[in-house]
2 protein chains.
Amino acid sequence: MEHNIKLTVAYDGAAYHGFQRQQNAMTVQQVLEEKLAKLFGHPLKVSGAARTDAGVHAYGQVINLYTSSAIPTENIPMAARGYLPDDIVVKVAEDVPSGFHARFAAKSKIYIYRIYCGKIPDPFLRHYVWHHNNSPSIPDMAAAIGIIIGEHDFSAFRGAGGPPGIPIRTIYNADCRQSGRFIEFEFWGSGFLYHMVRNFVGTLLEVGYGRLTLEEFNTVLAGRDRKLAGRTAPPQGLYLKEVIY
Amino acid sequence: MEHNIKLTVAYDGAAYHGFQRQQNAMTVQQVLEEKLAKLFGHPLKVSGAARTDAGVHAYGQVINLYTSSAIPTENIPMAARGYLPDDIVVKVAEDVPSGFHARFAAKSKIYIYRIYCGKIPDPFLRHYVWHHNNSPSIPDMAAAIGIIIGEHDFSAFRGAGGPPGIPIRTIYNADCRQSGRFIEFEFWGSGFLYHMVRNFVGTLLEVGYGRLTLEEFNTVLAGRDRKLAGRTAPPQGLYLKEVIY
């Protein structure tokens with residue numbers, strides 16, 4: 001009998017053109033569908049909670065798939081290791097009701113973004129942080145980040161080229177903290193528009209470097225005009241941390 | 001006037017066939033020689049303190065080179081960023097007397113080796129640790145590691161295929177510690193035979209898993225026979241941490 005399985009998946013996105021299947025480019029979804037089809041012994045489709053961009057990572061992407069296989073669900077993470085490449089790992093497998101859909105059932109998501117500050121970049125982190133020569137002001141960015149918390153029209157932080165739809169989202173919490181040479185941003189929200197986290201980070205850094213005042217940051221959000229916000233931070237610092245149901 | 005410059009270099013070894021120049025395989029030495037030649041404006045040779053193997057990393061490899069360039073030495077790390085790939089970084093540049101040779105002047109070296117223990121591997125660490133499903137005993141390995149400290153004939157831990165020479169080295173200090181899912185070994189020694197650190201780790205793990213007693217570990221060292229020791233740990237967990245002059 002066919003049953004619905006929810007998988008929590010971590011991946012290093014450096015080698016992939018994002019999560020979602022594309023023509024002529026290797027994506028995480030394609031690898032999961034092809035390799036898990038071999039594990040389960042039949043063709044299958046996976047639905048992912050989030051469409052991470054090329055080079056973006058995940059600690060806790062969630063997918064679901066339907067299978068008629070008799071492999072015990074708790075054995076799937078270990079069994080999948082034999083089929084998947086080393087940069088994609090199934091962390092947890094759970095049986096879910098047949099109506100569960102990884103994307104539509106998601107209540108909120110948490111993203112983190114990492115920056116490394118130092119005159120000399122760390123060669124081990126080139127795919128995993130955004131490198132900055134200088135250190136932006138944490139207190140200034142923390143003050144600005146408070147402005148985005150709550151329900152807002154985030155059109156100012158919506159990238160061109162994403163799917164259409166209502167630009168209103170709720171940010172439940174967001175913060176930034178420093179640990180040595182690292183700065184980590186965390187954003188917990190009901191959902192995120194295309195490039196929204198990367199545009200948050202790019203614009204918050206303008207505040208951190210004193211090129212944008214708090215008042216101006218407020219105006220950017222209220223102005224709902226993408227041209228007022230800062231640049232899009234590069235993908236390699238971004239991680240989908242968790243999907244909450 | 002030609003002067004001698006010492007560079008401290010970090011690299012992610014994942015993409016390279018080791019440090020030393022080879023026919024038909026990309027090495028760190030070749031990249032350094034080709035790219036720094038462009039920076040300095042003339043062909044040059046670099047001498048490295050250690051010949052790290054394919055896939056082995058360095059936080060503090062040391063090289064020296066002779067140049068007639070007028071680039072101020074303190075500017076070299078930043079200037080080199082424009083020429084070197086992101087996985088090789090010059091951290092420090094210093095003027096040294098013309099007789100200084102990175103390899104022959106080295107008094108001792110420190111290597112570290114990292115293991116990650118967990119049923120599910122971490123996709124971000126596949127090039128940077130040796131993954132183990134189980135956790136070996138730290139106290140047992142710490143006891144065994146004490147046996148290698150001091151001056152010994154390390155023939156039992158010398159890999160086949162390396163350069164010939166006297167197999168006696170002094171280990172000044174060595175330890176192993178656990179931090180969460182990570183185990184880190186550190187070895188500080190006068191010098192290291194071919195594959196010596198990786199053979200230490202492979203054999204220490206036999207002790208950690210209870211397949212070799214302390215007494216047997218002692219016998220392995222005293223026996224000076226490579227066939228008695230454990231397997232060679234894979235390269236991706238190994239880091240040249242520091243070269244001491």
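Predicted model: local features only at pLDDT ≥ 70, side-chain atom pairs only at ≥ 80, totals over all residues.
**Notebook: two domains, two chains**

I started with the domains: the C-alpha centres of domain 1 of chain A and domain 2 of chain A lie 27 Å apart. Domain 1 covers 3-96 and domain 2 covers 108-244; these bounds come from an automatic or database domain assignment. Residues are numbered from 1 along each chain as its sequence is written, chains are lettered from A and ligands numbered from 1 in the order in which they are written, and side-chain values use heavy atoms, with hydrogens and water left out.

**Between the domains of chain A**

I looked up the contacts (heavy atoms within 4.5 Å) and got 16 residues of domain 1 against 18 residues of domain 2. The two domains bury about 1200 Å² between them, 59% of it on carbon and sulfur atoms. Buried area here is the accessible area (1.4 Å probe) that two parts lose on being put together, summed over both. On the domain 1 side, D53(A), H57(A) and Y59(A) lose the most area to domain 2, together 43% of what that side buries.

Next I checked charges: the rule finds one salt bridge across this interface, taking a side-chain nitrogen of Lys or Arg within 4 Å of a carboxyl oxygen of Asp or Glu. The side chains of D53(A) and R198(A) meet in a salt bridge at 2.9 Å, N to O.

**Between the chains**

Then I superposed the copies by least squares on the C-alpha atoms of residues with pLDDT of at least 70 in both. A rotation of 180 degrees with 0.0 Å of shift along its axis puts chain B on chain A, RMSD 0.0 Å. The two copies are therefore related as by a two-fold rotation axis. Both copies use the same surface, as 100% of the contact residues of chain B recur in chain A.

Each side's count: 25 residues from chain B and 25 residues from chain A. The area buried between the chains is about 1900 Å², with 71% from carbon and sulfur atoms. In chain B, I120(B), F124(B) and R126(B) lose the most area to chain A, together 33% of what that side buries.

How many salt bridges does the rule find across the interface of chain B and chain A? I got four. I also noted that the side chains of R126(A) and D12(B) meet in a salt bridge, 2.9 Å from N to O.
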